[in-house]
Protein chains: 2
Amino acid sequence: MNSRPSEFSLISKYFAPLSGETGFNFGDDAALLPKLENTRLVITQDAIAETVHFFSDDTPDLIARKAIRVNLSDLAAKGATPRYISLALGLGNTWNEAWVDRFAQGFAADCKTYNLELTGGDTFRTGGGFVISITAMGEIAKDGYVSRLGARVGDVLCVTGTIGDAAIGLHVRQGGLGKLLQSHRQALIDRYLLPQPRTSFAHLIRDHASAAMDISDGLLGDLEKLCAVSRVGCDIRLDDIPLSKALNAAIELESSSLETALSGGDDYEILFTVPEENLKAFDKATSLEDIRISKIGQITSGGPVKVFDTGGEVVEFAKKSYDHCGETP
Amino acid sequence: MNSRPSEFSLISKYFAPLSGETGFNFGDDAALLPKLENTRLVITQDAIAETVHFFSDDTPDLIARKAIRVNLSDLAAKGATPRYISLALGLGNTWNEAWVDRFAQGFAADCKTYNLELTGGDTFRTGGGFVISITAMGEIAKDGYVSRLGARVGDVLCVTGTIGDAAIGLHVRQGGLGKLLQSHRQALIDRYLLPQPRTSFAHLIRDHASAAMDISDGLLGDLEKLCAVSRVGCDIRLDDIPLSKALNAAIELESSSLETALSGGDDYEILFTVPEENLKAFDKATSLEDIRISKIGQITSGGPVKVFDTGGEVVEFAKKSYDHCGETP
C-alpha cells in the first residue's frame, strides 16, 4: 500500500476527472475564467495543515472536505454561490496512493455536492506533514457582495446555527470531557471534523445583511474584527448566543467550556448584521428556511464588543480568538 | 529574535500594505474580482515547500520571490499580464518575526516589480517546514489565451533563454561541480534561487504562438506533455538547444550535466510553437526584443519526442522530467 505514483499520474487519475472547460480539462497549466455578464467572481484562499488544523489520523476524505468547506464558508458569508476551486495538495512524508485515493474521493464528493469545477492547482511534497491549500471562487450578482465593513449603529447582530461545537469537539477529540454522553461527544467531534458551510444561506446574506463574515477564529474575536473595520462597537447578550444541547451538557460538566466555545475556532457559521429597516423582510424570508438564526446583539457607536449576562452585567473573557500561528490542536 | 506576533498582527503589519481595492485593503475575508470589458482573467496556483523546492537556509526574501515567480511564469506562458496575487503562507516550526519581515520584503519587492495587487490569503502554521502557496491572476485580451493544446504539425518549436541552468545550479548548491569557475557557479545558483519569469515576452506568445507552456519540470518531459495534449510528436535538434556558457563549462567537467539540464526542473523559460505562416512576423517582432529565442525543432505527426544529434542520430535520455512528488533537492 505504499506505492507512490508520479505527480503526473496522480493528477491524471484523481483530479483531472473533476475539471472542466474553464481549466481545459487539466490539459493546461492555468485556467481561463469566464466572461460574466451580470455577475462577478469572489475569490478566497485558505489552507489547512496536519497537526494544526487536523489530526494525522483523520480520514483523508474528511480532510479534503474540510479544506474545501472552510473556503466555501468564506464565499457563503459574502453572499456568493460556489463555482470554481483550485487545489495545491502538499503531500506529507507518510503519503501513499491509498491516502490520495481517499482524499480524492472526499474531494470529488464535495465538488459534486457544491457544484464545483476544479480549475487547476499543484501536487507536491511538503517534506513534512500534509498541507492543503485551496482557492475558491464564487459568483455573485453585480452589487451583491457583502463585506465586513458595512455594519452601522443600530443594526441587529445575528448568527446562523450554534456556536462553539467545533471548539469543544476538538477538546473532546483530544480526550477531554470523558464523562459527556457518547452521542453528545460524537455530535461535537463531527462539527470539528466536517464544517457545514452555509452555502444555502448566501442569498439571504446578499439580500438583507449590511455586513457579514464567517466565524472561523471564534465568535468574540471575529466580532471584534468586524466591528474594527466597520468602526463601530457591539453589545451582545450572552443568553441569546445559540448553543447546542451537546454544548450545554459540556458546560455543565466543565464551566470553562463556555469561554472556549465563544473564543475557539472552526464554527464556520455566519456572523452578520441586519439594518432595522430590513428586519421585517429578513424575518419573513428566514421563517421559510430550515436553519436556526439567532439575534444576539446590536451594533453600537462606542467602544469594543461588550457581552452582557442576564442581570445586565458585563462579562469579561480572557481569550477571544483562536490564533492559527500560535497554537496547535 | 524569536518573537512571535499573532496571525492578525502579522497580516496587518506586513501584508495589508500590499493590498488594494479588489481585496478591500485586507479588511475582508475575500476579494471581489473586477468586471472586465474586453479582457479576461487567467488563474494559476503553484506552491513551493522547504526542503523540496528551496533550502532551509535560503534567504526568506528570495523564497518569497521564487514563490511568486513560478506562478508568474505560468501566466507569461499563457500570454497574460500579471494583475492579482493571493498568498497562503505556511509558517514552519522555526518561524520568527525576523523571517516574516524578510519574506515580506521580498514579496513586496516583487509585487512592485510585477505590478501585483495582493487580494488576500491566509497565514498559518504548518507544523513542519515552510510552505508557500500562491494563486496568481493575469489579464488577457479576450481571445489572447494560448494553451498547451494548439501545436500543429509543421509548427516550429522555440524556447526563450537558456535551458538547464537552474537544474545544474541546484547540483552546485548541493556541493557538486567543485572545480567549476566561481563566476559560473554563481550564475547557475542564481538561476536556481531566483527564476526570471518571461513576463515581458507574454505579448509575443499571445500574438504569434499556437501553443505554449512554461518549462518547470524539465525541457524534455514538459515537451512530451505539450505534445501529448496537442496529439502531435516533435523532432528536436540537440545542437540547437540553447545552453549558457556556465552550463557548457559544467558539461565539460561532468558530461552527465547535459541530461540533468534537459530533464531537470526550474527553468521557467517558455516552450512554444509558432506556425510557419507566423514565422516572418514573429522573427521581425522578436528581433526588437532583448531576449534570446531559439528554434530547436519542429512538430511532427508521429510518435513521441525525438532528439537528434549533429550526425542525425536519435539520442536517448533515461530521465526526462523532474517529479515534485518523488524527490527532494
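Where in chain A is Thr94(A) found? In this predicted model, Thr94(A) sits in the loop between strand E3 (81-91) and helix H3 (97-113) of chain A. Helices (H or I, at least four residues) and strands (E, at least two) are DSSP runs, numbered from the N terminus. Thr94(A) is exposed, its relative accessible area being 59%; exposed stands for over 50%, buried for under 20% and partly exposed for anything in between (1.4 Å probe, protein chains only). Leaving aside neighbours within four places in sequence, Thr94(A) is in contact with Arg4(A) and Phe130(A), where contact means heavy atoms within 4.5 Å. Arg148(A) is 54 residues from Thr94(A) along the chain, and 40 Å separates their C-alpha atoms.

Turning to the whole chain, chain A holds 10 helices and 12 strands. Its radius of gyration is 20 Å, close to the 20 Å given by the globule rule for 329 residues, so chain A is as compact as a globular protein of that length. Here the radius is taken over C-alpha atoms, and the rule is 2.2 Å times the number of residues to the power 0.38. The C-alpha trace spans about 65 × 55 × 35 Å along the principal axes of chain A. Of the 329 residues in chain A, 62% are buried. Among contacts in chain A with a separation of 6 or more, 86% join residues 24 or more positions apart.

Next comes the relation between the two chains.

In chain B, Ser263(B) belongs to helix H9 (residues 257-263). Ser263(B) counts as buried, at 2% relative accessibility. Ser263(B) and Gly164(B) are 99 residues apart along the chain, with 7.9 Å between their C-alpha atoms.

A note on conventions: residues are numbered from 1 along each chain as its sequence is written, while chains are lettered from A and ligands numbered from 1 in the order in which they are written. Local features need pLDDT of at least 70, side-chain atom pairs count only at pLDDT 80 or more, and totals for chains, interfaces and linings use all residues, while side-chain values use heavy atoms, with hydrogens and water left out.
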